[in-house]
Amino acid sequence: HHSSSLVNVAAVIDEKKQMEVVEKLPFVNSVKFVGKYLTRPPRMRQPLPLDTLMGPIDPAQYYGRGKLQIEILNGDKLHERGFRGKGKLIAVLDGGFFQLDSLPFFDSLRINGRILGSRDFVEGDSLATEGSAHGTQVLSTMGANIPGLLVGTAPDADYLFLKTEDTRAEYLIEVCNWVAGIEYADSLGIDIVTSSLGYNQFSDKEMNYRYKEMNGISTLAALAADIGFNKGMIVLTSAGNEGHTRWKYIDSPADAVNILAIGAIDDELKRAYFSSIGPTADGRLKPEIVALGMQVSVAALNSVRTSIENGTSLSTPIISGLIASLWQAYPEKSNKEIIRAVFRSASQFDNPDNQLGYGIPDFEKAFFLLQGN
């Protein structure tokens with residue numbers, strides 16, 4: 001199904017009896033059950049008829065409904081300097097990109113050839129637009145470009161769409177898909193990976209992670225994220241939406257050492273009640289930074305309008321797009337230098353905690369820090 005040289009594993013579709021034979025092969029270290037092979041195909045969603053009546057345009061507000069989510073971070077100051085992500089390659093790992101090929105929010109991506117392609121690691125084909133629309137809404141916080149209605153944080157970046165999440169169930173195979181997505185992104189020279197996915201509980205309870213495994217070295221996804229970073233990418237993921245549950249902590253791969261786990265705040269700049277917290281099991285700070293994750297404006301799915309959604313799934317791509325815009329300004333800087341500047345710009349860099357991490361980044365300040373000012 002997949003093989004990965006990053007973490008030296010293969011995901012194999014086979015019968016249990018045959019896998020007992022495979023386990024005895026001299027080059028096989030171990031075999032682990034990662035899920036049932038779901039033979040029924042995913043439900044094919046018919047494209048929604050588009051209501052061409054456009055939502056209200058406010059000429060006085062360039063970002064439209066997305067104004068607050070970018071201005072909280074001073075990301076608009078980067079855009080004013082002409083840095084909107086141009087030349088940076090962003091891979092989006094998600095559960096599907098339904099309506100991506102028809103919504104006018106992404107016309108400029110299509111017209112200007114900024115869609116690099118797509119791949120479905122669940123079904124093994126290139127059709128990532130089937131299934132969930134979660135990835136479409138994630139993308140709209142970065143790539144939407146309808147001035148006065150919704151403009152994202154990196155409307156001039158190039159995008160690759162990777163479907164790694166199987167919405168029919170939750171098994172460890174999806175972690176394998178995620179690893180395969182990271183490796184594929186690296187093979188294409190991707191600069192930034194943004195993932196609004198996280199794992200701790202599965203349909204098969206025997207697979208459930210325990211908190212002590214949120215240590216950056218126990219899960220395949222955490223290992224792959226760190227390898228991706230060491231190869232030069234910046235990898236971001238949502239911290240999780242379980243801050244109000246019994247679990248409360250970040251998921252994996254948010255526990256990875258060099259991944260940026262992004263938490264969520266509300267419009268009063270306080271932690272959103274659901275935003276997962278740290279530390280990791282080995283005591284490291286998590287999340288690292290935060291962005292708006294409540295009442296976030298995203299593209300609606302059947303009209304040229306916006307809708308409102310909540311979650312660290314949305315705070316993550318908002319930050320990802322601005323990191324692309326910042327990196328465009330300083331393409332000679334390494335991923336470590338870019339991340340360090342973003343951390344140093346944040347509201348509580350000198351006094352971080354496991355609720356907001358270093359706090360709310362200021363991308364104008366990060367711009368000047370990288371300038372040496």
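**From a charged pair to its surroundings**

Let's start with Glu 364, which has a relative accessible area of 21% and is therefore partly exposed (buried means under 20%, exposed over 50%, partly exposed in between, with a 1.4 Å probe and protein chains only). Please keep in mind that this is a predicted model, in which local features need pLDDT of at least 70 and side-chain atom pairs count only at pLDDT 80 or more, while totals for chains, interfaces and linings use all residues. Residues are numbered from 1 along each chain as its sequence is written, and side-chain values use heavy atoms, leaving out hydrogens and water.

The partner of Glu 364 is Arg 81: they form a salt bridge whose closest N and O atoms are 3.6 Å apart (a side-chain nitrogen of Lys or Arg within 4 Å of a carboxyl oxygen of Asp or Glu). This pair links distant parts of the chain, with Arg 81 in the loop between α3 and β3 and Glu 364 in helix α10, 283 residues apart. Helices (H or I, at least four residues) and strands (E, at least two) are DSSP runs, numbered from the N terminus. Arg 81 is also partly exposed, at 35% relative accessibility.

Arg 81 has a second contact: its charged end sits over the ring of Phe 367, 4.9 Å from the ring centre (NZ of Lys or CZ of Arg within 6 Å of the ring centre and within 35 degrees of the ring normal).

That brings us to the rings. The whole structure holds 13 aromatic pairs (Phe, Tyr and Trp rings, the last by its six-membered ring, with centres within 6.5 Å; planes under 30 degrees apart are stacked, over 60 edge-to-face, the rest tilted). In one of them, Phe 83 and Phe 367 are tilted, at 5.9 Å centre to centre and 35° between the planes. Phe 83 lies in the loop between α3 (75-80) and β3 (89-94) and Phe 367 in helix α10 (residues 363-371), so this pair ties together parts 284 residues apart in sequence. Both Phe 83 and Phe 367 are buried.

From here we can follow β3 into its neighbours. β3 runs parallel to β8, and 4 bridges join them (two strands pair if DSSP finds at least two bridges between them). Ile 90 has Ile 192 in β8 as its bridge partner. Strand β8 (residues 192-195) points Ile 192 and Thr 194 one way and Val 193 and Ser 195 the other, and all are buried. β8 also pairs in the parallel sense with strand β9 (residues 234-238), over 4 bridges, where Val 193 partners Val 235.

Lys 231 is partly exposed at 47% relative accessibility, and Asp 186 is partly exposed at 23%. Shared partners also join Arg 84, Arg 114 and Asp 156 into one salt-bridge network. Within that group, Asp 156 and Arg 114 meet at 3.9 Å, N to O. Asp 156 is buried at 16% relative accessibility, as is Arg 114 at 14%.
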